[in-house]
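This report describes how two protein chains meet and how selected side chains pair within and between them. Please keep the sequence and the coordinates at hand while reading.

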Number of protein chains: 2
Amino acid sequence: MATTKTGAPLDRGTLDTLLRRRLFYTPAFELYGGVSGLYDYGPPGCSLQANIVDAWRKHFVHEEDMLEVDCTMLTPNDVLKTSGHVDKFADWMCKDPKTGEIFRADHIIEEILEARLKGDKEARGERIVEEGEDADKKKRKKKLKDIKAIKLDEKVIQEYEGVLAKISDCSGEELGKLIVDYGITSPTTGNPLEPPVSFNLMFQTSIGPSANLPGYLRPETAQGQFLTFNKLYEFNNLRMPFASASIGKSFRNEISPRSGLLRTTIVEKTIGEAVKEGIVDNETLGYFLARIHLFLKELGVDQEKVRFRQHMPNEMAHYAADCWDAELFTSYGWIECVGCADRSAYDLTVHSSRTGEQLVVRETLEPPKVWEEWDMDVDKKWLGPKFRKDAKKIEEAVARISQGAREKLASVQKDGGKVFIEVEGLGSVELEKVTIAKNKKAVNIREYTPNVIEPSFGIGRIFYSLIEHIYWSRPGDEARGVLSFPPKIAPTKILIVPLSGHSDFAPIVTALSAKIRRAGISNRVDNSSATIGKRYARNDELGTPFGVTVDFQSLKDGTITLRERDGMKQVRGTQDEVIETVSQILDGDITFDDALAKFGEFQGQELDE
Amino acid sequence: MATTKTGAPLDRGTLDTLLRRRLFYTPAFELYGGVSGLYDYGPPGCSLQANIVDAWRKHFVHEEDMLEVDCTMLTPNDVLKTSGHVDKFADWMCKDPKTGEIFRADHIIEEILEARLKGDKEARGERIVEEGEDADKKKRKKKLKDIKAIKLDEKVIQEYEGVLAKISDCSGEELGKLIVDYGITSPTTGNPLEPPVSFNLMFQTSIGPSANLPGYLRPETAQGQFLTFNKLYEFNNLRMPFASASIGKSFRNEISPRSGLLRTTIVEKTIGEAVKEGIVDNETLGYFLARIHLFLKELGVDQEKVRFRQHMPNEMAHYAADCWDAELFTSYGWIECVGCADRSAYDLTVHSSRTGEQLVVRETLEPPKVWEEWDMDVDKKWLGPKFRKDAKKIEEAVARISQGAREKLASVQKDGGKVFIEVEGLGSVELEKVTIAKNKKAVNIREYTPNVIEPSFGIGRIFYSLIEHIYWSRPGDEARGVLSFPPKIAPTKILIVPLSGHSDFAPIVTALSAKIRRAGISNRVDNSSATIGKRYARNDELGTPFGVTVDFQSLKDGTITLRERDGMKQVRGTQDEVIETVSQILDGDITFDDALAKFGEFQGQELDE
């Protein structure tokens with residue numbers, strides 16, 4: 001069950017209302033009835049997103065000296081045809097012909113068979129444990145005509161479980177057959193469904209005037225990086241390995257992302273052990289899984305609500321040799337927030353063979369690789385005239401002779417013997433003019449197509465899951481939430497509140513706001529007429545970690561109070577002291593408790609909270 | 001003529017080679033033959049872009065307390081139909097039926113008539129002054145069969161000039177007629193052109209499974225903000241005015257942007273004067289033009305190569321009541337880099353009337369607006385029964401009676417006279433039961449649709465123009481360029497170069513790089529085997545303002561040298577001193593000259609530059 005930061009049951013409706021009220025995000029085009037799946041970020045959401053991206057850039061691009069690139073989103077058909085996305089990046093969809101409603105074929109079969117199995121368990125009086133589900137699915141389940149406590153035959157149960165285990169491997173035709181065989185109908189209307197049709201998940205468009213070049217909005221940011229491989233390799237002074245990075249949008253025309261209802265086995269291990277035992281395939285993959293974990297921790301996700309899950313072979317993308325997801329637990333269940341795929345040399349190989357451009361690394365071997373080898377050179381001036389069209393056959397047979405056999409033949413020749421070899425179709429042939437010698441060989445360059453490990457972060461999903469993890473409400477004030485973002489990630493760092501609308505406060509507030517901004521700390525002023533307590537409560541919902549009050553004392557001696565969001569304790573100091581304190585907390589040098597110890601808790605002021 | 005930062009003629013080819021060699025940008029999908037108009041940013045380009053965006057966010061969003069939003073790029077057809085983009089955001093295009101080449105109808109007519117006028121001037125022996133032109137146009141002009149020194153009739157010259165003056169106002173039909181009348185053919189092949197066809201500049205796609213919702217990639221970032229108006233207004237505690245801001249991509253399927261060949265009159269004025277004299281329509285517009293100017297200055301654009309140009313009525317977008325462009329001069333001529341449009345209440349009005357949702361401001365008037373007014377109330381119980389279906393006609397006639405007439409009627413009534421009014425179709429009617437009285441009126445709320453000033457920045461164009469402005473080469477070393485970005489904008493701030501590949505340098509270099517990064521300053525290490533001089537030269541091309549050398553002295557006493565890119569002078573100090581110096585320069589607190597004065601110029605080291 002999803003819980004708040006303090007362990008209370010999480011009410012998604014209440015949180016959702018908070019997020020819309022405070023304009024973290026809002027359905028896009030709501031005036032026009034909205035478009036399912038499209039959201040706009042309002043001011044706090046926009047800042048939060050920018051801060052997450054900024055933390056990402058520091059954690060990955062800067063710390064690891066990655067080469068950041070910004071590639072175009074419009075991608076010609078040819079590129080995505082080669083990468084496999086045009087053919088394989090698709091879902092099978094079924095239509096309810098009467099209502100026009102569309103369902104993912106595999107999802108609908110899964111849901112209905114799972115519902116029937118659940119009904120069976122209910123009929124047998126077994127306890128059912130449910131992980132989170134998304135709202136759409138819940139709504140459908142409510143209407144699901146199948147979800148009745150009906151006992152099933154053992155044979156049927158086994159059949160269903162067999163289908164569920166291999167559903168991701170099914171072709172469209174197989175899915176169509178399952179729908180007919182198991183009498184699967186629309187869960188909303190009970191109507192029969194049309195046979196599954198392949199629906200590509202990319203947004204199609206045309207590039208250029210007169211719409212002459214078919215293309216798509218990129219379905220992932222990776223392709224642009226693969227295509228720039230040679231240039232990046234050169235930019236990196238031809239050194240390997242290197243990492244490139246890209247921040248930007250990619251587009252998938254999906255019905256609804258799957259939430260993690262898969263049955264999994266949880267194992268706790270250090271990443272070192274996992275690599276050593278081969279659970280995680282290699283060190284590079286292990287390294288990035290660890291870095292991803294550290295990044296999520298830095299953002300403030302609940303460490304009890306993170307897991308890494310390896311993809312099963314049948315759920316892997318067409319380009320992946322292996323894949324691990326970092327999943328975060330929310331009221332929707334486990335959500336895949338970061339994917340870390342081992343794409344091996346797949347993409348570089350397909351683009352290279354399609355375009356004829358080499359996408360390889362040339363590594364100078366120092367020292368060069370040196371070895372000795374027996375060479376057999378048949379004199380072509382003797383071979384050609386004598387064997388004519390069979391000459392090539394003989395050459396090929398010579399090339400196939402092993403090093404051991406050559407050594408023996410050399411010894412025969414050295415002793416004055418004749419050199420005979422077997423040639424298919426010609427029998428035993430004497431090589432009258434052949435030189436057999438042991439020669440030194442050396443190779444300076446190793447040429448290879450590098451493997452690629454691709455961690456890929458869904459900012460929107462991280463954004464939402466993080467909010468669920470750091471949301472809570474104060475006992476006795478459940479209607480009002482608190483979002484406890486770590487200070488570095490919080491949309492705004494300081495709220496400045498003048499005690500009242502008294503005009504004496506205006507100049508000091510304006511000057512203070514500018515001063516804080518010059519120190520590189522974002523802040524907002526709330527000089528509305530609400531009580532200080534109400535203004536702080538409003539601000540707790542925006543997740544602002546610090547509040548600064550300007551009161552009558554401030555007018556006298558220039559001191560201000562600094563309030564910390566979570567503990568609601570305050571300290572008092574000069575403007576410079578307060579700004580320096582917040583600055584140090586943001587840099588991670590001290591905590592608010594250190595400030596409490598230094599300045600002492602300020603309790604002089606009565607606030608009507 | 002376009003010049004470098006130091007005033008030398010700018011060779012665009014050389015600069016272009018530099019930018020591609022250093023991976024500022026690179027044609028997208030080059031492996032696949034490239035797609036005209038699409039570019040990828042490499043690592044330095046990506047950093048430069050991020051720094052420009054960051055400067056923009058600080059200058060506008062933070063300094064002005066704007067409400068930043070991030071709206072979705074996919075936009076349903078309905079929204080853009082209402083905004084006028086589906087119908088009006090289009091160009092007229094002509095096709096060469098034999099080659100399939102596409103031309104913008106207005107551009108091609110313009111080019112050919114201008115070429116003929118130029119040919120006429122040549123024939124008359126007049127001197128021709130040319131502003132910059134883009135490469136494509138130059139290529140076409142070379143082939144332009146018309147560009148011959150042929151004298152034209154005075155009457156023809158006048159006709160051509162008339163056409164050129166009103167070309168932007170022409171409909172597709174009119175453009176087609178001009179093409180036929182003036183015998184305009186493809187400038188590349190001489191083939192006749194097909195009649196103009198309207199080509200919408202938006203990228204079309206379909207949203208949702210089964211492609212059920214037609215939509216476009218947004219052609220501008222503004223629409224999402226208009227649609228969120230009510231929520232932003234509320235977020236701003238119902239205070240006006242407010243500014244929202246959005247950073248993101250928008251998409252236009254253009255052939256090639258027009259470069260500024262328009263004939264203009266230049267006037268130099270302060271913005272205050274311009275507003276006062278009505279050249280700039282209002283203070284808000286003037287304020288933003290000034291802020292835009294300051295922003296461009298901060299980026300480092302050449303102050304001699306900036307101008308603000310007001311749109312002529314026939315080039316204005318369909319939503320604009322007025323528009324000023326900030327243009328930067330480059331080797332392509334004057335390029336429109338920032339548009340600042342007065343969209344009045346256009347967008348809010350059209351979306352409101354289409355959706356039926358009010359998009360208005362309700363302003364409480366304090367004190368309320370109070371005035372006196374003559375009211376005339378006809379007793380309905382008398383009016384209805386007496387006039388039946390004509391009652392409404394009489395009511396309407398009463399409503400139309402002016403204040404002055406009412407005052408007179410009141411005076412007649414007061415004196416015991418009868419009240420007669422004229423009603424169309426009924427003639428003179430006596431109002432037997434009417435009350436005429438002067439009443440006090442008050443209004444507390446003023447409701448209005450606010451006007452919108454929309455500055456819109458093309459980051460790509462600013463990016464390129466800025467580079468032309470700050471590019472130069474050292475005398476005697478013209479093949480190698482220097483990009484003199486202001487330190488704050490430069491892609492990377494410090495290059496760390498160990499004197500040689502000696503292994504003693506490695507630990508100090510690694511530690512120094514981490515230390516500089518912790519201070520929030522981006523840096524890169526170049527420990528390649530090239531000479532220090534060559535490494536610095538390479539780095540001048542990347543525009544890195546500072547170089548730090550680690551030499552044998554550093555191993556002894558921990559000091560390092562700091563080199564400034566433009567003047568190539570050095571100072572020497574401890575690591576902390578050097579980092580603090582760079583940090584202060586980046587904050588704008590000191591200049592490198594101040595550092596030279598403080599530490600003295602360091603000349604001890606012989607570098608092979």
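## The interface between the chains

The model is a predicted one, and in it 75 residues of chain A are in contact with 75 residues of chain B. Between them, chain A and chain B bury about 6200 Å², of which 65% lies on carbon and sulfur atoms. On the side of chain A, L31(A), Y32(A) and D70(A) together supply 13% of the area buried against chain B, more than any other three residues.

Helix 2 of chain A, residues 43-62, gives the largest share of the side of chain A that touches chain B, namely seven residues. Sorted by class, that side of chain A holds 37 nonpolar, 21 polar and 17 charged residues.

## A salt bridge across the interface

Side chains of opposite charge can pair when their charged atoms come close. Between chain A and chain B the count is eight salt bridges, and one of the salt bridges in the model joins the side chains of E30(A) and K231(B), with 2.4 Å from N to O. Because K231(B) lies in helix 10 (residues 229-235) of chain B, while E30(A) lies in the loop between strand 1 (25-27) and strand 2 (39-41) of chain A, the pair joins two chains.

## Salt bridges within the chains

Over all chains, a search of the whole structure finds 78 salt bridges. In chain A, E363(A) forms a salt bridge with R446(A), and the closest N and O atoms are 3.1 Å apart. This pair links distant parts of the chain, since E363(A) is in strand 14 (residues 361-378) of chain A and R446(A) is in strand 17 (residues 434-448) of chain A, 83 residues apart. E363(A) counts as partly exposed at 28% relative accessibility, and R446(A) counts as partly exposed at 39%. Elsewhere in chain A, a network of salt bridges links E220(A), R343(A), D347(A) and E454(A).

In chain B, the closest N and O atoms of R538(B) and D526(B) are 2.7 Å apart, and the two residues form a salt bridge. R538(B) belongs to helix 19 (residues 532-542) of chain B, whereas D526(B) sits in the loop between strand 22 (523-525) and helix 19 of chain B, 12 residues apart. R538(B) counts as partly exposed at 23% relative accessibility, whereas D526(B), at 8%, counts as buried.

## Aromatic pairs

The count comes to 38 aromatic pairs over all chains. F505(A) and F552(A) form a tilted pair, 5.0 Å from centre to centre and with 50° between the planes. F505(A) lies in helix 18 (residues 505-518) of chain A and F552(A) in helix 20 (residues 552-557) of chain A, so the pair ties together parts that are 47 residues apart in sequence. F505(A) counts as buried at 1% relative accessibility, whereas F552(A), with a relative accessible area of 40%, is partly exposed.

In chain B, the rings of F60(B) and F295(B) have centres 5.7 Å apart and planes at 65°, so this pair is edge-to-face. Because F60(B) lies in helix 2 (residues 43-62) of chain B and F295(B) in helix 12 (residues 283-299) of chain B, the pair ties together parts that are 235 residues apart in sequence. F60(B) counts as buried at 1% relative accessibility, and F295(B) is buried with a relative accessible area of 0%. In chain A, ring pairs also link Y25(A), Y39(A), Y41(A) and F463(A) into a cluster.

## The surroundings of L562(B)

L562(B) is found in strand 24 (residues 559-564) of chain B, and at 0% relative accessibility L562(B) counts as buried. Leaving aside neighbours within four places in sequence, L562(B) is in contact with several residues, among them F546(B), V548(B), V571(B), V578(B), V582(B) and F592(B). L562(B) and T14(B), which are 548 residues apart in sequence, are 29 Å apart in space, C-alpha to C-alpha.

How values were computed: Residues are numbered from 1 along each chain as its sequence is written. Chains are lettered from A and ligands numbered from 1 in the order in which they are written. This is a predicted model: local features need pLDDT of at least 70, side-chain atom pairs count only at pLDDT 80 or more; totals for chains, interfaces and linings use all residues. Side-chain values use heavy atoms; hydrogens and water are left out. Contact means heavy atoms within 4.5 Å. Buried area is the accessible area (1.4 Å probe) that two parts lose on being put together, summed over both. A salt bridge is a side-chain nitrogen of Lys or Arg within 4 Å of a carboxyl oxygen of Asp or Glu. Helices (H or I, at least four residues) and strands (E, at least two) are DSSP runs, numbered from the N terminus. Ala, Val, Leu, Ile, Met, Phe, Trp, Tyr, Cys and Pro count as nonpolar, Asp, Glu, Lys and Arg as charged, and the others, Gly among them, as polar. Rings of Phe, Tyr and Trp (its six-membered ring) pair if their centres lie within 6.5 Å; planes under 30 degrees apart count as stacked, over 60 as edge-to-face and the rest as tilted. Buried means under 20% relative accessible area, exposed over 50%, partly exposed in between (1.4 Å probe, protein chains only).
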